[in-house]
Amino acid sequence: MSPSSASSAPANATGSASAPAVAGAAFPAGFVWGAATAAYQVEGAAGEDGRGRSVWDTFTAEAGRVKNGDTGNVAADQYHLYKQDVALMKRLGLMSYRFSVSWPRVLPAGTGQVNQKGLDYYRRLVDELNNNGIAPMATLWHWDTPQALQDTGGWESRDTALAFADYAEIVYAALGADVPTYLTLNEPKTLVGVGYLYGTHAPGKQDLSASTRVAHHLLLGHGLAVEAFRASGVQSQIGPALNLSPVYPADEADTSPEAMKAVHDQDIWENRLYLDPIFTGAYPDEGLADVIDLPALEAVVQDGDLTTISGPVDLLAVNYYNPAFVGPGREVVHKHPIALPTFWLEIFPRGLQDILVRVDRDYGQPRMIVTENGRPTETEQSADGTFADDDRIEYVRDHLLAAHAAIEQGVKLEGYQLWSLIDNFEWEQGYAQRFGMVHVDFDSQVRTPKKSAHWYADVIKNNAVTD
């Protein structure tokens, strides 16, 4: 039994959606405040300077896949406007910027010949950030797998994990310690679930066996990329970025075996399928067969894989959006308001505290950073030109108070990256959902900080959340 198997639900689970009753919260000295984006969502320049096609280029070109037929071909055009965006970050007082490196921009075929123009772009971005006192945080893979690799099996194939390590080595050599923090994979659970099981993200498959193979090869890719990082000698830090969801019974009074098993199994799906291999070197040994295709997993795990996957990391990046309340049949139900216009983002700030405390308790007190947390809003511009997104302010404030409460409980939380810096291409929702604290007019590419951006700037300045 792995260390976390006896504690599926977070400690002190509660049905209350409110954040801890704190009037204000000062964060520890040295706490790092930032914001995040991802390459396909903001860069644009899809056909420029030798960039290859990604699975998202293919997916968005298929009719009916993305709302309004939107694509990331231009997006927020950060490829050309990065200096403007860095200047905006500086005005807001950001200490860190989390971006992702586009694998097909660096290696158009996923392997082989390096596209120097692609690497040069990230060199310029990193230099611009450092010159303005903003620490770069580079994610190596944020879902934009090269289409050339997808054509030969994608993450269903072990070869893609090997290719990912080679690609990572190229990035380390090019950017080195000028990037103080590298993140290997962003949200492997999302690709496994909505990319390969439900089919609403690229590559759009619905295959349990394939999703199981993908889960293992993503984890292997992470481990191999960490090995390559250690071998590179780069004096930075590295870890994975996992989207985690605390799991609770839909009915707290239901303590039946069926209800408890549902919570246990859903926790495997949401959290332990990734946390256990990375931090304990083993997959969960109870209930795994009820969550994935166990024979498919056994067919792809090779000797030494779990040793590679569990190689020591320097930190864990946590993306948190929503909890999972489950009934006895493992059906997920919503018990709290949904952040419109999404259908899935259940607003439950206490869940962030619970999942941070649980990871700290069950996985050896790792250093952690919240690398995504936020919500979309539908705020219209007022006559005076402002975007009064008070619902975003309330959301972020309550989650920051929950994060502070976790720190008070001893969690080694060292930073917070708001999702997201600017409005962007929101995957299968296209441009219909605006997660940015900065508004983007996608016709003119004009950036306008929303009310939440100014509020967040005050949080950073004060290193505290106050009323």
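Q: What makes W56, W143, T190, L191, G195, H201 and A202 the lining of the second largest cavity?
A: A cavity is a set of points, on a 1 Å grid over the protein atoms alone, where a 1.4 Å probe fits but cannot get out, and lining residues have an atom within 4 Å of a point. W56, W143, T190, L191, G195, H201 and A202 meet this condition for the second largest cavity, therefore they are its lining. The model is predicted: local features need pLDDT of at least 70 and side-chain atom pairs pLDDT 80 or more, while totals for chains, interfaces and linings use all residues. Residues are numbered from 1 along each chain as its sequence is written, and side-chain values use heavy atoms, without hydrogens and water.

Q: Which classes make up the lining of the second largest cavity, and which helix gives the largest share?
A: Ala, Val, Leu, Ile, Met, Phe, Trp, Tyr, Cys and Pro count as nonpolar, Asp, Glu, Lys and Arg as charged, and the others, Gly among them, as polar. The lining accordingly divides into 4 nonpolar, 3 polar and no charged residues. The largest share, 3 residues, comes from α8; helices are DSSP runs (H or I, at least four residues) and strands likewise (E, at least two), numbered from the N terminus.

Q: Why is the ring pair of Y40 and W56 called tilted?
A: Rings of Phe, Tyr and Trp (its six-membered ring) pair if their centres lie within 6.5 Å; planes under 30 degrees apart count as stacked, over 60 as edge-to-face and the rest as tilted. The centres of Y40 and W56 are 6.3 Å apart and the planes stand at 35 degrees, so the pair is tilted. Y40 in helix α1 (residues 39–42) and W56 in helix α2 (residues 55–61) are 16 residues apart, and the pair links distant parts of the chain.

Q: What makes the largest pocket a pocket, and which residues lie nearest its centre?
A: A pocket is an open set of points with protein on both sides within 12 Å along at least five of seven lines. The largest pocket holds about 1,100 Å³ of space. Its lining has 42 residues, of which T190, V194, N243, N322 and W344 lie nearest the centre. Helix α8 gives the most to this lining, with 4 residues, and the classes are 17 nonpolar, 15 polar and 10 charged.

Q: How do you know that strands β2 and β12 pair?
A: Two strands pair if DSSP finds at least two bridges between them. Strands β2 (residues 32–36) and β12 (residues 413–419) have 5 bridges, in the parallel sense, and therefore pair. Both belong to a parallel barrel of 8 strands in the order β2-β3-β4-β5-β6-β8-β11-β12.

Key: Points joined across faces, edges and corners; volume = space filled by probe spheres on them.
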